[in-house]
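Colleague: I have a model open and would like to learn how to read it. Can you take me through it, feature by feature?

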Amino acid sequence: MSVLEWIAQPGLHAPLEVAEALGMSLERVEAQLAYYERLGYIKKVTPATGCGKACASCQGCGLKKKDQPTPAYWERVR
């Protein structure tokens, strides 16, 4: 499965989640996400609520630190 195919699945997807699921480095996934964003296939989405103090139970970004900024997630647009 490719990065673009993974992002096409329903929901929002964090780069770390994609990297782990596909067995790729985070840097490679981030480069591919930037490429697909330039082409208009995906868009970056930042949740309005942020992680806040609930970050310890989050399954998306992998940061699990309350002082970190809210990570970006991605979704397929076409």
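Modeller: Start with a term for helix packing. A helix axis is a line fitted to C-alpha atoms over the stretch in contact, and the angle between two axes runs from 0 to 180 degrees between N-to-C directions. Keep in mind that this is a predicted model.

Colleague: At roughly what angle do the axes of helix 2 and helix 3 cross?

Modeller: Roughly 115°, and the axes come within 9 Å. The crossing of helix 2 past helix 3 is right-handed.

Colleague: Which residues of helix 2 and helix 3 meet there?

Modeller: From helix 2, Pro 15, Leu 16, Val 18 and Ala 19. Facing them in helix 3 are Leu 26, Val 29, Glu 30 and Leu 33.

Colleague: Let me step back. What does the secondary structure of the chain come to?

Modeller: Three helices and two strands. Read from the N terminus, the order is α-α-α-β-β.

Colleague: What is the mean pLDDT of the chain?

Modeller: First the general idea. Where pLDDT is low, the predicted coordinates should not be read in detail. Here the chain has a mean of 78, with 67% of its residues at 70 or more.

Colleague: Which elements have the lowest and the highest mean pLDDT?

Modeller: Strand 2, residues 73-76, has the lowest, at 82. Helix 3, residues 26-39, has the highest, at 94.

Colleague: With which side chain does the side chain of His 13 make a polar contact?

Modeller: With that of Glu 17, at 3.5 Å.

Colleague: What is His 13 in contact with, leaving aside neighbours within four places in sequence?

Modeller: Trp 6, Ile 7, Val 18, Tyr 73 and Trp 74.

Colleague: Trp 6, then. Where is it found?

Modeller: In helix 1. Trp 6 is buried because its relative accessible area, 18%, is under the 20% cut-off. Setting aside residues up to four places away, Trp 6 touches Met 1, His 13, Glu 17, Val 18, Ala 21 and Leu 22. So both partners of the His 13–Glu 17 polar contact are among the residues that Trp 6 touches.

Colleague: And Trp 74: buried or exposed?

Modeller: Buried, at 6% relative accessibility. Trp 74 lies in strand 2.

Colleague: Which residues is Trp 74 in contact with, beyond its neighbours within four places in sequence?

Modeller: Among them are Ile 7, Gly 11, Leu 12, His 13 and Pro 15. The list also includes Leu 33, Glu 37, Ile 42, Lys 43 and Lys 44.

Colleague: How do I read sequence separation against distance in space?

Modeller: Compare the places along the chain with the C-alpha to C-alpha distance. Trp 74 and Ala 14 are 60 residues apart along the chain, with 6.4 Å between their C-alpha atoms. For Trp 6 and Arg 76, the values are 70 residues and 9.2 Å. Glu 17 and Tyr 73 are 56 residues apart in sequence and 9.8 Å apart in space.

Colleague: What about contacts across the chain?

Modeller: Take contacts between residues at least 6 apart in sequence. Of these, 60% join residues at least 24 apart.

How values were computed:
Residues are numbered from 1 along each chain as its sequence is written. This is a predicted model: local features need pLDDT of at least 70, side-chain atom pairs count only at pLDDT 80 or more; totals for chains, interfaces and linings use all residues. Side-chain values use heavy atoms; hydrogens and water are left out. A polar contact is a pair of N or O atoms within 3.5 Å; within protein, one must be able to donate a hydrogen and the other to accept it, and residues adjacent in sequence count only if both atoms are side-chain atoms. Contact means heavy atoms within 4.5 Å. Helices (H or I, at least four residues) and strands (E, at least two) are DSSP runs, numbered from the N terminus. pLDDT is the predictor's confidence in each residue, from 0 to 100. A crossing is left-handed if the near helix is turned anticlockwise from the far one by less than a right angle, and right-handed if clockwise. Buried means under 20% relative accessible area, exposed over 50%, partly exposed in between (1.4 Å probe, protein chains only).
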